Amino acid sequence: MSNAKNTVLSAAGELFGRKDPSAVDRWVAAGYRQHSALAADGPEALRQLVAGLPEGFRYEGARVIADGDLVALHGTYHGFGPDPLVAFDIFRVDADGRLAEHWDALAPVVEDTASGRSQTDGPTEITAPESTEANRALVAEFAQKVLVGADYSVLTDYISTRTYDQHNPEAADGLAGFGAAAATWGEQGKNLVYKTVHKVIAEGEFVLLQSEGEFGVPVAYYDLFRVADGKIVEHWDVIAPIPAELPHDNGLF
């Protein structure tokens, strides 16, 4: 396990598992930079957030992806509000082994999904670490050509025509399922528009894109892809509206 991954898992366990505000002193850098819409900047705001977590709060982790000093978590928060929230969290770990920066995106858990899959189930283990850079390159190229460039004629150059397991709650499995969902979204005035890819975080067969665009309104896209044999075979996501105001001046990205 990488040092950054170990740091994030240990810190998150104390902060959000044990709900221990004093863990901020052990794990969080003095210049902690916040991008979440849920908290203000700095370690003291994080301390207040942890101290205010309700009795029934818990985090159910699904995946952890480490890429250099960035570590992405994919899981479900219970108790932040009346309904569970599926979330992606990205942390940057500094040279001293402390949490230095954080980004996130959250969306309500949907029980009845088009594919019958949940927003977090599926493979979790990284089994092909040697494929990291090839998979990063594949997904990064897909992001620029298909997502940003909107050239869907090359879709099958990147996504498998045999297996495409879908975890977006409104899309069924396969390319046909995605196409049908995209058509419905378009009819609703919610065309998938990707403007900027901000981060590409890869480890083994998993590649996470953090992007900015529009889905009827300005949104943050967090798309997690699993790659096998040189093609994308699985997809999880969170699409989160960008709020008009944030509790800090750092922006969502």
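This is a predicted model: local features need pLDDT of at least 70, side-chain atom pairs count only at pLDDT 80 or more; totals for chains, interfaces and linings use all residues.
1. Residues are numbered from 1 along each chain as its sequence is written, and side-chain values use heavy atoms, with hydrogens and water left out.

2. Now for the hairpin itself. Strands β2 (residues 58–67) and β3 (residues 70–78) run antiparallel and are joined by nine bridges; strands count as paired if DSSP finds at least two bridges between them. Two residues separate the strands, and Gly68 has a positive phi near 65 degrees.

3. On the overall fold, the chain has five helices and ten strands (DSSP runs numbered from the N terminus: helices H or I of at least four residues, strands E of at least two). Its radius of gyration is 18 Å, close to the 18 Å from the globule rule for 253 residues, so the chain is as compact as a globular protein of that length (taken over C-alpha atoms; the rule is 2.2 Å times the number of residues to the power 0.38). The C-alpha trace spans about 50 × 40 × 30 Å along its principal axes.

4. Do have a look at the largest nonpolar core, which has 26 residues (buried Ala, Val, Leu, Ile, Met, Phe, Trp, Tyr and Cys joined through side-chain atoms within 4.5 Å; buried means under 20% relative accessible area, exposed over 50%, partly exposed in between, with a 1.4 Å probe and protein chains only). Val139, Phe142, Tyr158, Leu209, Phe225 and Ile232 touch the most other members. Helix α4 gives the largest share, six residues. Another core, of 23 residues, lies apart from this one and includes Ala12, Val24, Leu46 and Leu99.

5. Gln166 deserves a point of its own. Gln166 sits in strand β6 (residues 165–166) and counts as buried because its relative accessibility is 1%. Its side chain makes a polar contact with that of His235 at 2.8 Å (N or O atoms within 3.5 Å; within protein, one must be able to donate a hydrogen and the other to accept it, and residues adjacent in sequence count only if both atoms are side-chain atoms). A polar atom of the Gln166 side chain also lies 3.0 Å from the backbone nitrogen of Asn168. Beyond four places in sequence, the contacts of Gln166 (heavy atoms within 4.5 Å) include Ser115, Arg117 and Asp173.
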